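Student: I would like to learn how to read a few features of a model. Where do we start?

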Number of protein chains: 2
Amino acid sequence: MPLPQTEVPGRLQAHFAERGIRMTQQRRAILSVMETASKHLDASQILRKAQKIDASVDRSTVYRTLRLLKRHGLIDELDLMHINGEGHYYERRLGRDHIHMACLRCGKITEFVSDSFERLKQQVEKDCRFRVLISRLEIGGYCATCRGSQ
Amino acid sequence: MPLPQTEVPGRLQAHFAERGIRMTQQRRAILSVMETASKHLDASQILRKAQKIDASVDRSTVYRTLRLLKRHGLIDELDLMHINGEGHYYERRLGRDHIHMACLRCGKITEFVSDSFERLKQQVEKDCRFRVLISRLEIGGYCATCRGSQ
DNA sequence: CAGGTAGATGCGACTGAGTTGCAACTAGAT
DNA sequence: ATCTAGTTGCAACTCAGTCGCATCTACCTG
Ligand SMILES: [Mn+2]
Ligand SMILES: [Mn+2]
Ligand SMILES: [Zn+2]
Ligand SMILES: [Zn+2]
């Protein structure tokens, strides 16, 4: 007799389970949103999506869970150059970091993985004797399309 | 008969003059704060410093002037990993960009100039056909001192 | 399969950063 | 000296994020 298993437990849930972090309905919903998100979501988008899974989820729980995920290094927080208001965007942290480029004209966000970026971080570790845990490289400018027209 | 010239006009003022941007008492005060600041100031620090030069400066004028400076690419806006609240920090933009490292334990901010960073940006320009105007690399982790103890 | 409890949640009130509409003011052109 | 477009101060506002607290619940222990 299978339970009404809304979501397949993913890596985020696994990470929580491994270190004995309590799993709740609400967290399950929020984690599943973060697992399956294809792109940068802000807190209110995460709230809305999570409420579709569990209607009881509250705004403050979203923020508390995001803080928890951040503390565990499982998600990254982005500004995306504040192209749209003052809020932040969140994205699951997978194997390799990537750079975010925001077009100041059309607002498009592009991602870019680069070995040079990895090397740069290693240089910081070595030259500055600084342990790198989080890194965020955001670039503002004009995308290929907008660069042509004006 | 010299006027009560509080501050020597600096490069920011010069930039404004060159493109016929109106110069006011309040702007003069704020620009001079930004010119002479040695480190990352947030809006309320800028306000307080500017008010010492011209007591009439208002919070909204500070924000409006910062927006103007940003638009002209004369200052950079930083999060400094939100180590202290949700606000932003501002810093004059000089010749070369630099990386900001924030120690998650002691809160120290370190700056680092790197050729690899310049090359990375050039790679983005070339490989992504993206015109780079602003770039912000912020790193969170542990500084040399804090890395040792725990 | 009960308790019991530490930890999580919802709610509503709050904070703090940044913005805005508007009437009054002023820089700088004529 | 006059004129006017651009700027300012002010106060009211928006919006993101936080917090205190009563209630609830995941999960441990027996
Ligand atoms: Mn991304
Ligand atoms: Mn930010
Ligand atoms: Zn574009
Ligand atoms: Zn430190």
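Tutor: Start with contact, which means heavy atoms within 4.5 Å. This is a predicted model: local features need pLDDT of at least 70, side-chain atom pairs count only at pLDDT 80 or more, and totals for chains, interfaces and linings use all residues. Residues are numbered from 1 along each chain as its sequence is written, chains are lettered from A and ligands numbered from 1 in the order in which they are written, and side-chain values use heavy atoms, without hydrogens and water.

Student: Through what surface do the copies meet?

Tutor: Through the same surface, because 100% of the interface residues of chain B are also interface residues in chain A.

Student: How is chain B laid on chain A?

Tutor: Copies are superposed by least squares on the C-alpha atoms of residues with pLDDT of at least 70 in both. Here a turn of 180° and a shift of 0.0 Å along the axis give an RMSD of 0.0 Å. The two copies are thus related as by a two-fold rotation axis. In chain B, the C-alpha of B:Leu137 is nearest the axis, 2.1 Å from it.

Student: Is A:Val57 buried or exposed?

Tutor: Buried means under 20% relative accessible area, exposed over 50%, partly exposed in between (1.4 Å probe, protein chains only). A:Val57 has 2% relative accessibility, so A:Val57 counts as buried. Leaving aside neighbours within four places in sequence, its contacts include A:Ile30, A:Leu47 and A:Val62.

Student: And the cysteines B:Cys103 and B:Cys106?

Tutor: B:Cys103 is buried at 0%; B:Cys106 is partly exposed at 45%.
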